[in-house]
Amino acid sequence: MSKPVKIAIASAIIAIALIGFVTYAILSSRVTYNKDNATGNTTGNLNNGGLFCEYDGKIYFANAADKNTLYVMSSDCTNARKLVDDSVAYINVCGKYIYYVRNNYSPDAIAMVFKGQLYGLYRCNLDGSHIVTITQEKSGMISLCGNYIFYHHYDDQTALTLQKIKIDRKDNTFISETEYNVANVYEQRIYFANETERNRIYYLDTKDDSLHFFYDANAYQVDYEGNYMYYIDLSKDYALMRLNTQTMVLEQIFAPNDAKVINYNVYGTKVFAQVEGDGNTTGLYRLNIDGTQIEYIAQGNITNVHCTSKYTFFMYYADQQTLYRVPTTTTFSKVEIITVK
């Protein structure tokens, strides 16, 4: 084979390789968009920091045993592996991507969550590859709605405000000087207790970012699920309520004696309620969504209650590195400690 022919063949191989590389780069950089009614996590999980998110038979989670870095495991808690070295919060998963807020891990990370001082909003593929910076601005709670991420933006001058940004990093839009809770995304609306309007329930129409009144209640932690609106009623000693949105009939489903419901998570037919009171009443309870079959799950100051199809995970406030689990809907017998390595 002559030297010119060898050179021509080598040049052709290089050209084909370059074309393949460029084609791969173009295809990998293309953003796969969601349906307009897509959501990224459950309301209850996001209200608890978004540390767990179940999607398509897998649980994406912040591993407390490894500085809250991003892991994935099967829904039965097997086959765990690390995806990303980032310490994460407010995990949303939909379609091709995982969305999360990067939390530069430190001993006071939980305090940072409450202050909204987390660091940047990111997107990666489901296998943890191709990490993309959506915004490096300090961010608090985030929630996916369609092809936009609604998020709490933080800076030293304005503190927390509400903004949205498209998943392709375009159209970063200011919405409100008030950081409305964006956890409850339901049918392209975001429902929340409006602190500037005596905690009455409002919704943000995500089609045009307009604000609308929904229901008159002194509410906290709103969660619209199916035909019911759940919320904690501040005027009824923090009782857990549900409103039938078809008949507008209001029910009180859980009001422990001499105690308050300070947090809850609705999943399917069950509600997990975190109660704060005196003596032995403080702890985690499980009940049916109609208020029947109340079970005392764990005593003490509980936090980070996250529900998935098989298991509900939680921690004790004084020890947020030890993870516990109980069945979400099936018969409860004991609390289990789970360590993911």
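Q: By class, how many nonpolar, polar and charged residues does the lining of the second largest pocket have?
A: Keep in mind that this is a predicted model. The lining of the second largest pocket is made up of 25 residues. Split by class, they come to 11 nonpolar, 10 polar and 4 charged.

Q: Which residues lie nearest the centre of the second largest pocket?
A: Let's start with the space itself: about 370 Å³ lies in this pocket. Several elements each supply at least two residues of its lining, including helix H2 (43-47), strand S7 (132-145) and strand S11 (184-186). Nearest the centre are Thr39, Asn41, Thr42, Thr43 and Val185.

Q: What is the secondary structure count for the chain, in helices and strands?
A: The chain has 341 residues, and 52% of them count as buried. Its elements come to 3 helices and 26 strands.

Q: What share of the contacts with a separation of 6 or more comes from residues 24 or more positions apart?
A: Start with the contacts in the chain whose partners have a separation of 6 or more.

Q: Which residues touch the most other members of the largest nonpolar core?
A: In soluble globular proteins, nonpolar side chains tend to be buried together. Here the largest nonpolar core has 58 residues. Strand S4 (residues 81-94) gives the largest share of this core, 8 residues. The members that touch the most others are Leu70, Ile98, Ile149 and Phe313.

Q: How many residues does the other core have, the one with Tyr191 and Met241 among them?
A: This other core lies apart from the largest one. Tyr224 and Met229 are also among its members. In total, its residues number 15.

Q: Is Val84 buried or exposed?
A: Val84 sits in strand S4. Leaving out residues up to four places away in sequence, Val84 touches Thr69, Leu70, Tyr100, Cys124, Gly128 and Ile131. Its relative accessible area is 4%, and the cut-off is under 20%, so Val84 is buried.

Q: What distance separates the C-alpha atoms of Val84 and Tyr71?
A: Along the chain, Val84 and Tyr71 are 13 residues apart.

Q: Which residues is Glu295 in contact with, leaving aside its neighbours within four places in sequence?
A: Glu295 has its place in strand S22 (residues 295-299). With a relative accessible area of 17%, Glu295 is buried. Its contacts are Lys270, Leu284, Tyr285, Arg286 and Phe332.

Q: What is the phi of Asn199, roughly?
A: Most residues other than glycine have a negative phi. Asn199, in the loop between strand S12 (189-194) and strand S13 (200-205), has a positive one. The value is near 65°.

Q: Is Gln293 buried, partly exposed or exposed?
A: Gln293 is found in the loop between strand S21 (283-288) and S22. Gln293 also has a positive phi, about 55°, without being a glycine. Its relative accessibility is 48%, which lies between the 20% and 50% cut-offs, so Gln293 counts as partly exposed.

Q: Which residues is Asn47 in contact with, leaving aside its neighbours within four places in sequence?
A: Asn47 lies in helix H2. At 19% relative accessibility, Asn47 counts as buried. Its partners are Met141, Asn181, Ala183 and Gln221.

Q: What separates the C-alpha atoms of Thr245 and Asn227, in Å?
A: Thr245 is in the loop between strand S17 (239-244) and strand S18 (250-254), and counts as buried at 13% relative accessibility. Asn227 is one of the residues that Thr245 touches, along with Phe214, Tyr224, Tyr228 and Met229, not counting residues up to four places away in sequence. Thr245 and Asn227 are 18 residues apart along the chain, yet the separation of their C-alpha atoms is 5.6 Å.

Definitions and conventions. Residues numbered from 1 in each chain as written. Predicted model: local features only at pLDDT ≥ 70, side-chain atom pairs only at ≥ 80, totals over all residues. Heavy atoms only, no water. 1 Å grid on protein atoms, 1.4 Å probe; cavity = no way out; pocket = protein on both sides within 12 Å on 5 of 7 lines; lining within 4 Å. Points joined across faces, edges and corners; volume = space filled by probe spheres on them. Helix = DSSP H or I, 4+ residues; strand = E, 2+ residues; numbered from the N terminus. Nonpolar A, V, L, I, M, F, W, Y, C, P; charged D, E, K, R; others polar. Core = buried A, V, L, I, M, F, W, Y, C linked by side-chain atoms within 4.5 Å. Buried < 20%, exposed > 50% of the residue type's maximum accessible area, 1.4 Å probe, protein only. Contact = heavy atoms within 4.5 Å.
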